[in-house]
Amino acid sequence: MRPVEHPIVTAHREGRERIAALLAPLGPAEADLPVPACPDWRVRDVAAHLAGIADDALHGRLDGVTTDPWTARQVDARRHRSLPEILDEWRDTGPRFEAALAGGEPSVRLIIDQWSHEQDLRGALGRPGAGGSASAKLTHQALRAGLPGQIAAAGLPPLRVVTELDEWVAGAGTPAATLVTTWFELARTLLGRRSPTQMRALSWIGDPDPYLEAIVIFGPATADLVEVPPPAGSAGGRLAPSRSGEPTVRFPHPRFAGSGSGRRSGWPPLVLANLRCGSRTLGSPVRGRGGGRVGPLS
């Protein structure tokens, strides 16, 4: 019988193939487009970072892992390569990296980083999608699991969160405020892709200000970032709730229950530091090519 593949390995492979398919048709001009969510980087630089993770891991170059100098070296080492050359490298190292992951207990942090950068690229190219992917589901579940710890660590009372997927309370006790938004906006907010102004513009019941700094894992962005959410009704669309209201992929997967990726506490400070996209703080006044607006729900 074929062994069960770890869901994190599956999600990483599918995400890598999806990103490669998104980028492969691009010409030199599109490869050099700026990525508004990563103001220091162009499209090809984000690809260089993703390819660099696999290469560094395979060759044991993990000193300073997830720090700015570590990600900067990945981009600098590929600065004179074309986007097709970078994708060729990733096509070679990616499967070997995933094979290595399959031999251990891979962290969901890899999926959060990869999915976040996929959305960064899609925003820059005006190609929304992958909102309903396995990567999106794992990211949603991991962010939900970590939020109560973040709020508790800040000494704040619980926060009720309402999305199209579910309604839940982050923390134990009576919530002091409620945030109503889509799961995509929630994820992009928690991952530092929204400015404080945009965060306040979401639908809140109660005072949002005490929570703005506490709920973001990295960030917030210093300027508005406007993105079009993934379309609904397709394989690459938004998440759909199950009958119980929970996402359709359980976390952690029952096959791997008890792995470290399923812990319900706040994220350590450097878990997602490579989401900085270089040395500058996230956020850019440049809009993604997809246009659109971010605002409160009606």
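Tutor: Helices α1 and α6 cross in a left-handed sense, meaning that the near helix is turned anticlockwise from the far one by less than a right angle. Helices here are DSSP runs (H or I, at least four residues; strands are E, at least two), numbered from the N terminus. The model is predicted: local features need pLDDT of at least 70 and side-chain atom pairs count only at pLDDT 80 or more, while totals for chains, interfaces and linings use all residues. Residues are numbered from 1 along each chain as its sequence is written, and side-chain values use heavy atoms, without hydrogens and water.

The axes of α1 (residues 7–23) and α6 (residues 109–125) come within 10 Å and cross at roughly 20°; they are lines fitted to C-alpha atoms over the stretch in contact, with angles from 0 to 180 degrees between N-to-C directions. α1 is therefore roughly parallel to α6, a label for angles under 35 degrees. On the α1 side, the contact (heavy atoms within 4.5 Å) is made by Ile8, Ala11, His12, Gly15, Arg16, Arg18, Ile19, Leu22 and Leu23. From α6 come Leu110, Ile111, Gln114, Glu118, Leu121, Arg122 and Leu125. An α-helix has 3.6 residues a turn, so residues three or four places apart point the same way.

As for confidence, the protein averages a pLDDT (the predictor's confidence in each residue, from 0 to 100) of 82, and 77% of the residues score at least 70. Over residues 242–274 the pLDDT is below 50, although this stretch has 68 contacts in the model beyond near neighbours in sequence. Residues 279–298 are also below 50, with 70 such contacts. Where pLDDT is low, the predicted coordinates should not be read in detail.

Note on methods:
Parallel < 35°, antiparallel > 145°, perpendicular 65-115°, else oblique.
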